Amino acid sequence: MSSVEPGFDCRSCGRRRTGEKPDAGGWCTACRAEVVRRATTPARLATGAFAALEVALLVWAGAFSSRFLVMWVAVAALLGFAAFKVARRVAFEVVRSRGVTLPTQGGA
Ligand SMILES: [Zn+2]
């Protein structure tokens, strides 16, 4: 390991980056963070829709009159968390395939 990073050109914004490592797609940290930021909103919407579906299912199945309600809610919460992770992962790939432009690009 050398203390001096050779640097790389980001495949998204094209800027020369030093002191950081490219990700698997050759993107810099700033571009990657922007993709994650944009992917989070649709993932939250998808998770919200999924959660609403879950609640509807629980009501339909009569879970709220069940003594296992706490367990069902815990299962629903776990599923919701998993759904968020999957949705953000999918949204990440979609946003990334479209490409992002950083607001500070070029500085002009
Ligand atoms: Zn970049």
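**How the two helices meet**

Analyst: This is a predicted model. In it, α1 and α2 pack at an angle of about 145°, and their axes are 7 Å apart. The crossing of α1 and α2 is right-handed. By class, this contact holds 18 nonpolar, three polar and four charged residues.

User: What is the overall make-up of the chain, in helices and strands?

Analyst: The chain has two helices and two strands. Along the sequence they follow the pattern β-β-α-α.

User: How do you know that the span of α2 agrees with its 30 residues?

Analyst: Take 1.5 Å a residue; α2 should then span 44 Å. The end C-alpha atoms of α2 are 42 Å apart, so the two values agree. Just after α2, Gly-99 takes a positive phi of about 90°.

User: Which residues of α2 are buried, and what do they pack against?

Analyst: Ala-87, Arg-88, Ala-91, Val-95 and Arg-96 are the buried residues in α2. They pack against α1.

User: Why is Val-36 called partly exposed?

Analyst: Val-36 has 15 other C-beta atoms within 10 Å. Buried takes 20 or more, and exposed takes 12 or fewer. The value for Val-36 lies in between, so Val-36 is partly exposed. Val-36 sits in helix α1. Val-36 and Glu-93 are 57 residues apart in sequence, yet 9.6 Å apart in space, C-alpha to C-alpha.

User: What makes up the largest nonpolar core?

Analyst: The core has 11 residues: Cys-10, Cys-13, Trp-27, Cys-28, Cys-31, Val-35, Ala-39, Ala-43, Ala-87, Ala-91 and Val-95. The largest share, four residues, comes from α1. To count as a nonpolar core, such residues must be buried and joined through C-beta atoms within 7 Å.

User: Which residues does Ala-39 touch, leaving out those up to four places away in sequence?

Analyst: Ala-39 touches Arg-88, Ala-91, Phe-92 and Val-95. A contact here means C-beta atoms within 7 Å. Ala-91 and Val-95 are also among the core residues.

User: How much of the chain is buried, and how many of its contacts join residues at least 24 apart?

Analyst: Buried residues make up 15% of the 108 residues. Among contacts between residues at least 6 apart in sequence, 51% join residues at least 24 apart.

Definitions and conventions: Residues are numbered from 1 along each chain as its sequence is written. This is a predicted model: local features need pLDDT of at least 70, side-chain atom pairs count only at pLDDT 80 or more; totals for chains, interfaces and linings use all residues. Two residues are in contact if their C-beta atoms, placed from the backbone, lie within 7 Å. The expected span of a helix is 1.5 Å times one less than its number of residues. Axes are lines fitted to C-alpha atoms, for helices over the stretch in contact, and angles run from 0 to 180 degrees between N-to-C directions. A crossing is left-handed if the near helix is turned anticlockwise from the far one by less than a right angle, and right-handed if clockwise. Ala, Val, Leu, Ile, Met, Phe, Trp, Tyr, Cys and Pro count as nonpolar, Asp, Glu, Lys and Arg as charged, and the others, Gly among them, as polar.
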